[in-house]
Amino acid sequence: MGNAYKIAVLAGDAIGPEIMAQAVRVFDLLHTHRDHAFDLIEAPFGAHAYFSHGQSFPEETQAICDSADAILKGPVGLSFEDSQKIPPEEQAERGAILPLRARYQTFANFRPIYLSPDMAHFSPLKPEIIKDGIDILLIRELVGGLYFGPKERGVNAEGLRYVHETLAYDEAQIRRVLKVAFEQAQARSCRLHNIHKSNVLMSSLLWNEVLDEVREDFPSVEVIPMLVDAAATAMCLNPGQFDVMVMENMFGDILSDQGGGILGSLGLMPSACVGPDKAYYEPSHGSAPDIAGQNIANPYSMIGSVAMLLEMSCGLKEESELVWQAMKSVFEAGYTTADLKGGGSSANTVTTDVFGDLVIEKLDALLKA
Ligand code: IPM
Ligand code: MG
């Protein structure tokens with residue numbers, strides 16, 4: 001008898017349901033071959049939830065997430081024009097994603113930036129720069145900084161409209177994410193890039209001060225400090241120098257999309273958002289309303305998010321590795337999805353559900369072996 005897990009499934013908007021349909025197939029296979037029971041509970045979340053329930057993170061969804069062992073979330077949001085039909089505070093970002101992060105205090109956002117040697121041709125970077133692929137773990141603080149600091153808008157004494165957004169952190173918020181980053185670095189190559197902007201921002205001065213305290217518990221980890229602007233360049237010029245990178249929320253938002261850029265597509269960016277008691281898993285990309293319903297979205301980041309969930313919330317490391325292996329083997333066999341360039345002849349470009357079929361077929365074989 002395997003284990004039993006309750007997973008909240010928030011398919012999301014636009015391409016969300018298409019890529020989620022492929023990702024959840026993995027759970028069926030693990031039930032068949034390993035007898036693990038996954039109770040998948042679908043719940044409304046995002047713009048469609050606003051239209052059906054008047055809230056983009058409805059109370060019933062909150063209750064389902066509260067009682068779940070882990071949450072699997074698809075991308076949410078509508079096109080710019082369609083979003084205007086929703087009041088700003090209920091639009092998917094402010095009304096659903098940020099409240100989800102805040103509710104479970106998912107402070108540590110794991111964003112692997114990974115290309116196997118067989119996927120290296122997807123990168124827009126030259127082969128001599130990519131060498132044997134890319135393998136970076138970007139860790140982004142996810143529930144502090146500008147995203148969650150006090151905000152104010154008004155008209156000042158001179159009659160000018162003004163806005164204040166506050167980059168707020170306390171030392172406990174900084175310490176907990178740095179600790180996670182050091183642990184990851186220690187388990188990988190013992191190198192940690194600390195991304196900061198201490199030449200300008202006071203928040204980075206405190207960040208670096210706390211880092212000096214945390215590092216005392218991790219003497220084997222070498223810390224390489226780098227200014228965030230320089231890091232943006234370095235990721236393009238020499239991505240191989242990075243292993244684990246850690247940074248505050250807004251820096252991480254920007255550099256993780258840069259990560260998708262050096263891979264060749266945000267479609268290759270799964271992620272885990274980990275809190276003290278619960279984690280949720282989501283692609284780092286948006287809901288791509290422009291290609292919704294066409295069966296061309298790349299489900300890799302959604303299936304990769306399942307792989308991360310299996311390892312990090314269910315402790316199923318071996319199964320998780322087999323999911324990665326199955327996805328890599330599809331690319332190794334020469335297949336590609338429409339978002340990925342340089343993948344060979346267009347005859348090998350497969351649809352969302354055919355990519356899913358190929359992954360599932362391979363995973364089935366691996367689980368049987
Ligand atoms: C991400 C996204 C979100 C963010 C948006 C959708 C709120 O860009 O997860 O990177 O800015 O954090
Ligand atoms: Mg982003």
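Here is a short tour that begins with the ligand and then moves through helices and strands.

This is a predicted model, in which local features need pLDDT of at least 70 and side-chain atom pairs count only at pLDDT 80 or more, while totals for chains, interfaces and linings use all residues. Residues are numbered from 1 along each chain as its sequence is written, chains are lettered from A and ligands numbered from 1 in the order in which they are written, and side-chain values use heavy atoms, with hydrogens and water left out.

**Around the ligand**

Let us start with ligand 1. The residues around ligand 1 are Glu93, Ile97, Arg101, Arg111, Arg140, Tyr147 and Asp253; a residue is included if one of its heavy atoms lies within 4 Å.

**Glu282 and its partners**

The side chain of Glu282 makes another polar contact, with that of Tyr280, at 3.1 Å. Glu282 sits in strand 12 (residues 279-283); helices (H or I, at least four residues) and strands (E, at least two) are DSSP runs, numbered from the N terminus. Glu282 counts as buried because its relative accessibility is 3%, and buried means under 20% relative accessible area, with exposed over 50% and partly exposed in between (1.4 Å probe, protein chains only). Leaving aside neighbours within four places in sequence, Glu282 is in contact (heavy atoms within 4.5 Å) with Lys73, Arg101, Arg111, Pro270, Ser271, Cys273 and Ser305.

**Helix 6**

Helix 6 (residues 92-103) has twelve residues and reaches 15 Å from its first C-alpha to its last, close to the 16 Å expected at 1.5 Å a residue. That expected span is 1.5 Å times one less than the number of residues. Its buried residues are Ala92, Gly95, Ala96, Ile97, Leu98, Leu100 and Arg101. They pack against helix 3 (47-53), strand 3 (70-73), strand 4 (108-115), strand 5 (134-141) and strand 12.

Not counting residues up to four places away in sequence, Ala96 touches Phe45, Gly46, Ser56, Phe57 and Gln91. Ala96 and Gly12 are 84 residues apart in sequence, yet 10 Å apart in space, C-alpha to C-alpha. Just after the helix, Gln105 takes a positive phi of about 45°.

**Helix 8**

The 17 residues of helix 8 (residues 171-187) should span 24 Å at 1.5 Å a residue, and the end C-alpha atoms are 24 Å apart, which agrees. At the start of this helix, a side-chain oxygen of Asp170 reaches to within 2.9 Å of the backbone nitrogen of Ala172. The buried residues of helix 8 are Gln173, Ile174, Val177, Leu178, Val180, Ala181, Phe182 and Ala185. Their cover includes strand 4, strand 5, strand 8, helix 9, strand 9 and strand 10.

**Strand 8 and its neighbours**

Five of the six residues of strand 8 (residues 191-196) are buried, so this strand is largely enclosed by the rest of the structure. Six bridges join strand 8 to strand 9 (residues 222-227), and the two run parallel; strands pair if DSSP finds at least two bridges between them. Within this pair, Ile195 stands opposite Met226. On the way from strand 8 to strand 9 the chain passes through helix 9 (residues 202-214), in a right-handed β-α-β crossover. Right-handed here means that, with the strands pointing away from the viewer, the path from the first strand over the helix to the second runs clockwise. Strand 8 also pairs with strand 10 (residues 244-247), in the parallel sense over three bridges, and Asn194 stands opposite Val246 there.

Key. Polar contact = N/O pair within 3.5 Å; in protein donor to acceptor, adjacent residues only side chain to side chain.
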